[in-house]
There are 2 protein chains.
Amino acid sequence: MLAKEMETYITGGSAVRAMFEEGARLAAKYGRENVYDFSLGNPNIPAPGAVNDAIRAVLDEEESTFVHGYMTNAGYPDVRRAVAEDLNRRFGTDYSEANILMTVGAAGGLNTILRVLLDPEDEVIVFAPYFSEYNFYVRGARGVIRPIPADPETFRPDPEALRKAITPRTKVLLLNNPNNPTGVVYAAETLRAIAAVLTEKSAEIGHPIYILSDEPYRELVYDAVSVPWIPALYPDTVVGYSWSKSLSLPGERIGYLCIPASCADFPVMFDAAVAVSRTLGFVNAPSLIQRAVMRSLGARTDIEAYDRNRQALYKGLTDLGFRCAPPQGAFYLWVQAPDGDDVTFAQKGMEHRILMVRGSGFGCAGYVRLAYCVSHDMILRSLPAFEKLAKEYNLK
Amino acid sequence: MLAKEMETYITGGSAVRAMFEEGARLAAKYGRENVYDFSLGNPNIPAPGAVNDAIRAVLDEEESTFVHGYMTNAGYPDVRRAVAEDLNRRFGTDYSEANILMTVGAAGGLNTILRVLLDPEDEVIVFAPYFSEYNFYVRGARGVIRPIPADPETFRPDPEALRKAITPRTKVLLLNNPNNPTGVVYAAETLRAIAAVLTEKSAEIGHPIYILSDEPYRELVYDAVSVPWIPALYPDTVVGYSWSKSLSLPGERIGYLCIPASCADFPVMFDAAVAVSRTLGFVNAPSLIQRAVMRSLGARTDIEAYDRNRQALYKGLTDLGFRCAPPQGAFYLWVQAPDGDDVTFAQKGMEHRILMVRGSGFGCAGYVRLAYCVSHDMILRSLPAFEKLAKEYNLK
């Protein structure tokens with residue numbers, strides 16, 4: 001007698017769990033060190049020491065009822081101000097606490113703003129491949145997700161495909177930059193072309209199409225690639241952020257929404273987001289960790305380690321003849337299934353004790369995702385297994 | 001171009017904010033110590049020292065990637081096991097980690113389980129007065145809330161009124177025990193009568209009606225009153241809990257759902273709740289504080305201080321001729337507006353610099369709620385102001 005919709009939820013979850021359980025079975029059978037688990041985007045690099053120092057300092061220096069108590073639902077004003085000023089320094093913006101809503105991770109923020117923006121049946125466009133949880137977020141806000149197929153050459157968004165996908169019900173373009181699962185970073189040029197299409201089509205359909213930019217991987221970029229600040233290119237942009245990756249705090253559920261004053265419905269939109277965040281049950285972002293990230297805004301997780309992993313895995317796999325999207329950001333490698341069948345490829349990988357996530361889960365069959373937020377040693381140990389896998393496909 | 005529904009959200013929020021702002025204006029004009037703010041349920045008693053000690057110990061003793069990382073979405077298995085065992089000791093139950101889902105506060109848990117249980121237009125019964133946020137939680141889960149009017153003599157639920165309110169669409173009876181806003185604790189006898197009605201009507205309508213018991217105030221009871229463990233009285237009961245009040249951690253957003261194996265749809269219901277908690281954007285309860293509450297399960301906030309406040313305020317107001325529901329739990333006093341007009345009563349209170357929340361916000365006009373989680377000194381200082389208010393109504 002559960003809600004009928006629950007059937008989908010449970011089925012979706014069980015695919016991930018099946019993989020998890022298979023991983024556990026393999027680990028029990030062969031030893032954990034002989035299983036090459038690239039399935040999870042869980043940072044393996046500890047949070048910078050500054051974070052735990054900041055937590056201790058907050059406990060030592062600030063009042064318990066303040067640190068653990070309710071604050072205004074949008075978050076502590078001083079924390080929001082510090083986040084705004086940090087953005088201002090980095091992107092030349094002029095935000096204040098009035099633009100920053102502290103959220104329960106990026107996921108909490110995305111759910112909140114989608115609920116603010118979408119009427120039932122409103123459409124949200126995404127470029128495939130995309131983070132599969134977006135399906136639930138959009139459906140939870142009563143909207144409809146409209147994926148645009150991937151460009152298999154570049155895995156960059158195609159502005160002309162976007163133009164064709166827009167309908168009078170389009171309300172949001174949901175981007176993820178740097179991208180999970182491809183590791184691609186969208187360049188300013190591409191984003192400017194997207195902005196031009198959205199400006200034109202917003203005028204045509206008579207209401208703004210918002211960009212919602214999901215940016216938990218903003219600081220995880222390599223080779224001096226830069227990640228454009230989209231609100232500078234398009235006024236109706238809301239940015240969702242999380243410290244899950246940049247400070248290795250995914251379990252803490254701490255992030256923010258940045259709602260610039262350039263958004264058409266500002267400031268009502270901000271007030272609505274605060275109310276929705278409260279009534280969806282988030283209430284506020286966890287308090288102690290809000291205060292700790294304020295003291296850790298300059299800190300970063302050790303990105304060098306991810307970069308070393310990225311280079312070793314990319315070189316290792318391409319040397320073996322696998323084809324991958326050029327990985328510029330995040331900690332994912334997006335690998336083509338040699339014969340285009342990602343289901344079989346992931347299964348064959350498992351026979352060699354390699355765990356990879358099928359691209360079909362990201363709305364893009366024919367590929368698999370490898371998360372390289374793992375020990376460097378595991379990557380090196382995995383290469384002989386990949387070599388065997390390559391041989392099965394007669395690569396090179 | 002926001003979602004149309006946002007109008008309600010913003011209007012609801014602005015009533016609370018208007019009061020907040022009026023309080024700030026009065027404080028600026030007369031000094032904070034001359035404003036008697038009984039409006040907010042924000043614990044004024046610090047968390048027991050054991051909590052901050054536990055946080056420090058977790059940081060010192062446990063791995064950073066473990067403490068701040070993803071765990072299974074339901075929460076750390078050892079934390080869930082410890083919570084289950086704590087319940088087993090206290091209530092003679094036999095729960096395990098399979099029954100405990102760690103949540104982002106009680107609000108996160110309630111939103112999750114309502115989404116699991118309700119199909120669109122399914123009905124949720126509440127006894128007025130009730131926590132006004134329930135309106136949003138039920139609507140967010142696409143259900144319809146059906147309040148049963150209060151019994152103005154006892155403010156206890158009336159099982160016969162419940163029987164009449166049940167329809168074939170009734171899915172949930174949402175209780176809050178001890179009660180916000182009345183401070184009343186529902187006795188075992190009443191709950192048994194409710195269980196009998198639900199058992200009978202569930203059979204009649206052909207599906208279980210669940211009790212969802214929201215119990216953040218479970219440990220805040222006075223005069224040795226006991227709070228019955230409802231799953232022992234009715235099998236289809238889910239309990240939502242939060243450490244917001246018992247450990248004074250409302251900002252930390254940490255609670256759990258207890259889903260007993262006696263629930264008709266267990267264990268599918270548990271799996272569905274985990275998936276819904278993830279996809280609504282909670283993902284998991286904040287990690288560090290999960291580990292800290294596990295080490296603080298025996299600790300309690302200083303309830304004596306609330307009790308002292310309760311007695312002083314109850315005696316002070318009843319001596320002046322005000323009528324209050326007998327306050328046995330939580331930290332609220334539920335006071336009748338002398339002429340039945342709570343809007344005017346709250347306004348007149350404000351003229352004497354007393355901030356009270358109108359009962360109409362709790363679906364029960366004619367009353368106001370006073371939160372006595374404030375300094376004892378403020379209560380004593382407020383009594384002369386209440387005396388002037390009593391004179392305006394010619395009490396006694």
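Predicted model: local features only at pLDDT ≥ 70, side-chain atom pairs only at ≥ 80, totals over all residues.
Residues are numbered from 1 along each chain as its sequence is written, chains are lettered from A in the order in which they are written, and side-chain values use heavy atoms, with hydrogens and water left out.

**Exercise 1. Describe the extent of the interface between chain A and chain B.**

Begin with contact, meaning heavy atoms within 4.5 Å: 71 residues of chain A touch 70 residues of chain B. Next take the buried area, which is the accessible area (1.4 Å probe) that two parts lose on being put together, summed over both; here the two chains bury about 5900 Å² between them, with 55% of it on carbon and sulfur atoms. Finally, Met1(A), His68(A) and Tyr70(A) supply 12% of the area that chain A buries against chain B, more than any other three residues.

**Exercise 2. Find the polar links between the chains, and state which helices of chain A supply the side that touches chain B.**

Count the salt bridges (a side-chain nitrogen of Lys or Arg within 4 Å of a carboxyl oxygen of Asp or Glu), of which there are 6 between chain A and chain B. One example joins the side chains of Asp119(A) and Lys4(B), at 3.2 Å from N to O. Then turn to the helices, which are DSSP runs of H or I with at least four residues, numbered from the N terminus: those of chain A that each supply at least two residues of the side touching chain B include H1 (6-30), H5 (105-117) and H9 (268-279). The largest share, 8 residues, comes from H9(A).

**Exercise 3. Characterise the packing of H2(A) against H10(A).**

Then list the residues that make the contact: Ala54(A), Ile55(A), Val58(A) and Leu59(A) come from H2(A), and Leu288(A), Ile289(A), Arg291(A) and Ala292(A) from H10(A).

**Exercise 4. Identify the residues through which H5(A) meets H6(A).**

First note that the axes of H5(A) and H6(A) come within 8 Å and cross at roughly 35°. On the H5(A) side are Ala107(A), Leu110(A), Asn111(A), Leu114(A) and Arg115(A), which meet Tyr134(A), Tyr137(A), Val138(A) and Gly140(A) in H6(A).

Notes
Polar contact = N/O pair within 3.5 Å; in protein donor to acceptor, adjacent residues only side chain to side chain. Axes fitted to C-alpha atoms, helices over the stretch in contact; angles between N-to-C directions.
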